[in-house]
Amino acid sequence: MAKKKEGCCKKFMKFLFSHVGLCVLVALYCVAGGFIFRHLEQNNENEGNANKDVMTIQLKSILETFRDNSIAIGYGGDSCGDYGKEGGPPYKWSFPGALYFSVTVISTIGYGHIAPKTFWGRLVCIAYAMLGIPLMLLCLANIGEVLADIFRFIYAKICCCGCCRKKDKTKVVQIKPVAQEPNWNSDKSKIITAAPPMGTSEFTKIPPKTPDSVKGSDDGKPVKIIPLDIRSFKTQQELANRSQQVRGEPMIMDDDSDDEDDDLDEKKITVPLTVTMIVIAGYILGGAMLFGLWETWDELQSAYFCFITLSTIGFGDVVPGTDFDNPQQTAQLILGAVYVLFGMAILSMCFSLMQDEIIAKCKWVGQKLGLVDKDED
């Protein structure tokens, strides 16, 4: 039983820290945060509006100050007693609003348009952020590497249009004929009548003392040569004829070392910075069009919001889902949270690709300047 429990625990931990497990864990963490913060802050929002009578008396005495302050805080004159009721203003701390707040916390965006005001809400927010931010960064790093590999593969196979083709593994080597043909009939004892089975073997390059004996094998790479099985010839004359026939013809060799070169060529493929910048710009423009349709923002305001959000600056001056009269507010908040999470993964992918490209460029410049050895990894 103990071994079964230990095996189940290992399988569970392996799944938990896999790509799918991390994504599920982040999603469940955000959902749990939505429930927690809604429970902690919604009651306070309701109780804070219960002192409407006292607030009205104070507002009558300072009418002019209230006018200025109401404009500053964006007070629209909604009836505070109708919060959460049909026809009344919705809660800011509804589940979609709390879910969106949880996403902005663990992604370090932090708009500030909605924030906990209770003691327990602020305390739980600190603990929630301390656990959620490392989890979010781990998930983004993991997903970013996977997306970068996928994008690099697509770029190499489609965008490069076959520029990075594999090398031809077949090498033709010209063997120079010997000065004098051996006399096969002079000494019959030199002919091997029985030999063990011969397989393929590895040969290195010809030593430097005979540089002209083989053409085309001066690169030092091991080549595979298929030997001739002389047992297939029945008579000495057939062997002599075969030797005369192949003399002077090129020999075809299979160079296995090219397999390693092909792997290195695929590893050296990097995506240009312009392509990654186009991907980022395309995602921002796509989000700008989407939020422009939802929130009736102009193009600049929508693009401004997407950039400030994905760069985790998060000023909070432009936030979706604040129009309480919009019946699609809930769907907009949830889709906005999805846009933020997926956008962070796209940025992580692009940063990984940009890092590889910058490192490759720096190595190339260092090699040209003689600061880095070409054989150095």
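Start by selecting F305: leaving out residues up to four places away in sequence, F305 touches Y100, Y111, F291, W297, V318, V319 and P320, where contact means heavy atoms within 4.5 Å. You are looking at a predicted model, in which local features need pLDDT of at least 70, side-chain atom pairs count only at pLDDT 80 or more, and totals for chains, interfaces and linings use all residues. Residues are numbered from 1 along each chain as its sequence is written, and side-chain values use heavy atoms, with hydrogens and water left out.

Together with F305, they touch the most other members of the largest nonpolar core, which has 50 residues. Such a core is a set of buried Ala, Val, Leu, Ile, Met, Phe, Trp, Tyr and Cys residues joined through side-chain atoms within 4.5 Å; buried means under 20% relative accessible area with a 1.4 Å probe, protein chains only. Helices supplying at least two core residues each include α2 (19-48), α5 (95-106) and α11 (329-369), helices being DSSP runs of H or I, at least four residues, numbered from the N terminus.

Now show α10 and α11. Their axes, lines fitted to C-alpha atoms over the stretch in contact, come within 10 Å and cross at roughly 65 degrees. C306, T309 and L310 of α10 meet Y339, V340, G343, M344 and L347 of α11.

Last stop: S348, also in helix α11. Is S348 buried or exposed? S348 counts as buried, because its relative accessibility is 18%. Setting aside neighbours within four places in sequence, S348 contacts L140, A141 and G144.

Note on methods:
Axes fitted to C-alpha atoms, helices over the stretch in contact; angles between N-to-C directions.
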